[in-house]
Amino acid sequence: MNLRKHPDFDKHEEITFFADPASGLKAIVARHRIWNSPSVGGCRMRDYAGEDEALADVLRLSRGMTYKSVMAGLDYGGAKAVILGVPPAERREALFRAMGRAVNRFRGGFRTGVDVGLTPEDVEVMKTETRFVAGIGVMAPAEATALGVQESIKASLAHRLGSGHLRGRRVAVQGLGKVGRRLAELLVADGARVVAADVDTKSAEDARRDLGIEIVAPELIHAQAAEVYSPCALGAVINDASLGEIQAVVVAGSANNQLAEARHGAALAERGILYAPDYIANAGGLIAVAADLEDKREDWIWQKLRGLGPSLTRVFERAEALGLPTAEAADRLAGELIAEAGPGQRSAA
Ligand code: NAI
């Protein structure tokens, strides 16, 4: 296969395929941009339909990490690791040890951490083989992500409705996992009226009991009469089926790849719905990981999180000035920042 002709290939600088027959590890690491600082991105594990699907995933995700990084004011090139196939329990430790050794092959030029399909225990196993894996640090990534989404909701409301206050605003939170549950708590503390849903009835029931929030059926959450719809579960939730039913004027959440297709960003704009591009709204997780990698203190994280609102406002203003959907304006801005960062930052290695 000619990798350069792959539809998701975006001049990725390095794509490495790993196989460790002893443990059964099959993995791909893509470094989208290699600058002076390490390339950073999580490690994901899934039962992919095949190598093609895994390759598309790693190419897209590593590119997204570069965009997320530059828009958060960080200078990491984006990267990602995907492990092909979830192993049986008895092979899990050996597989993650092998993955740790694979990470060492980059000699610190690739730093990774937990993503979908991995547990914190898997990361601990990798750490027995490599020091290039980020852990919890001074703030858990999900906590920082929730704080960043809260900041993004305020900036979006300020732009769309003239005031970023949350008191009395109705916010529909989709997913009450690590990020969504914490976000719901933060919003309630700010005086918002939260309505939420989770396919896991226990998570939903716990949140109703602990936070006093309203719970609705998962298939109704996007269609709530609310000022804000906050997707914090799955991607592709803005699609042909959901679009016409969204009543909110702001969409801002943590889920990656919320737009099923780029045209759905344009459709939101046509309907007067302000979309906070996902890789800006959910950059808190990367900021927390960066703090761990660079031994930064909590005040550094807060400063970066507070920068997400102004970053979004810049994108919204640019989108209006150019008559573009916000997602496209963000991509263009990120593209410019990457072009600026690239040549001056290039590693000699
Ligand atoms: P999680 O796995 O802890 O929570 C996801 C929740 O969504 C689960 O409770 C699940 O039951 C629920 N869910 C799944 N399908 C649903 C549906 N159709 N309707 C309603 N609820 C549904 O994941 P986490 O960490 O909270 O992340 C949420 C999203 O944010 C994911 O898309 C993730 O990729 C993204 N994200 C997370 C970051 C982090 O630091 N944890 C950082 C950046 C992005």
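This is a predicted model: local features need pLDDT of at least 70, side-chain atom pairs count only at pLDDT 80 or more; totals for chains, interfaces and linings use all residues.

The helix α4 (141-161) gives the largest share of the shell around the ligand, 3 residues. Residues are numbered from 1 along each chain as its sequence is written, and side-chain values use heavy atoms, with hydrogens and water left out.

Now look at the ligand itself. Of the 20 residues around the ligand, those that come nearest are Lys178, Val179, Asp198, Ala233 and Ser254; a residue belongs to this set if one of its heavy atoms lies within 4 Å of the ligand. Two of these residues also reach ligand oxygen with polar side-chain atoms: Asp198 at 2.6 Å and Ser254, through an N or O atom, at 2.8 Å. From Pro141, a polar backbone atom is 3.5 Å from an oxygen atom of the ligand. On its own the ligand has 830 Å² of accessible area, and the protein covers 74% of it. Such areas come from the Shrake-Rupley method with a 1.4 Å probe, and for residues only the protein chains shown count as cover.

Let your eye move next to the strands. Six of them form an open sheet in the order β9-β8-β7-β10-β11-β12, with parallel pairing. The edges are β9 and β12 (274-275), each of which pairs on one side only. Two strands are taken to pair if DSSP finds at least two bridges between them. Strand β8 (residues 193-197) is joined to β9 by 2 bridges, and the two run parallel. Ala196 stands opposite Ile215 in β9.

Elsewhere, β1 and β2 run antiparallel and are joined by 7 bridges. These strands make a hairpin with 4 residues between them, and Gly24 in the turn has a positive phi of about 85°.

What does His222 touch, leaving aside residues up to four places away in sequence? The list is Tyr229, Ser242, Glu245, Ile246 and Gln247, where contact means heavy atoms within 4.5 Å. His222 sits in the loop between β9 (214-215) and β10 (228-231). With 12% relative accessibility, His222 counts as buried; buried means under 20% relative accessible area, exposed over 50%, and partly exposed in between, with a 1.4 Å probe and protein chains only. The His222 side chain also makes a polar contact with the side chain of Glu245, at 2.7 Å. A polar contact is a pair of N or O atoms within 3.5 Å; within protein, one must be able to donate a hydrogen and the other to accept it, and residues adjacent in sequence count only if both atoms are side-chain atoms.

Finally, turn to the charged pairs. Side chains of opposite charge can pair when their charged atoms come close. The structure holds 29 salt bridges, each a side-chain nitrogen of Lys or Arg within 4 Å of a carboxyl oxygen of Asp or Glu. One of them joins Arg33 and Asp10, with the closest N and O atoms 3.8 Å apart. Arg33 lies in the loop between β2 (25-31) and β3 (39-40) and Asp10 in the segment before β1 (14-20), so this pair ties together parts that are 23 residues apart in sequence. Arg33 is buried at 13% relative accessible area, whereas Asp10, at 25%, is partly exposed.

Within helix α5 (residues 178-189), Glu185 and Arg181 lie 4 residues apart, about one turn of the helix. Their side chains meet in a salt bridge of 3.1 Å, N to O. Glu185 is partly exposed at 24% relative accessibility, and Arg181 is partly exposed at 21%. Through salt bridges that share partners, Glu143, Arg181, Arg182, Glu185, Lys202, Asp206, Arg209 and Asp210 are joined into one network.
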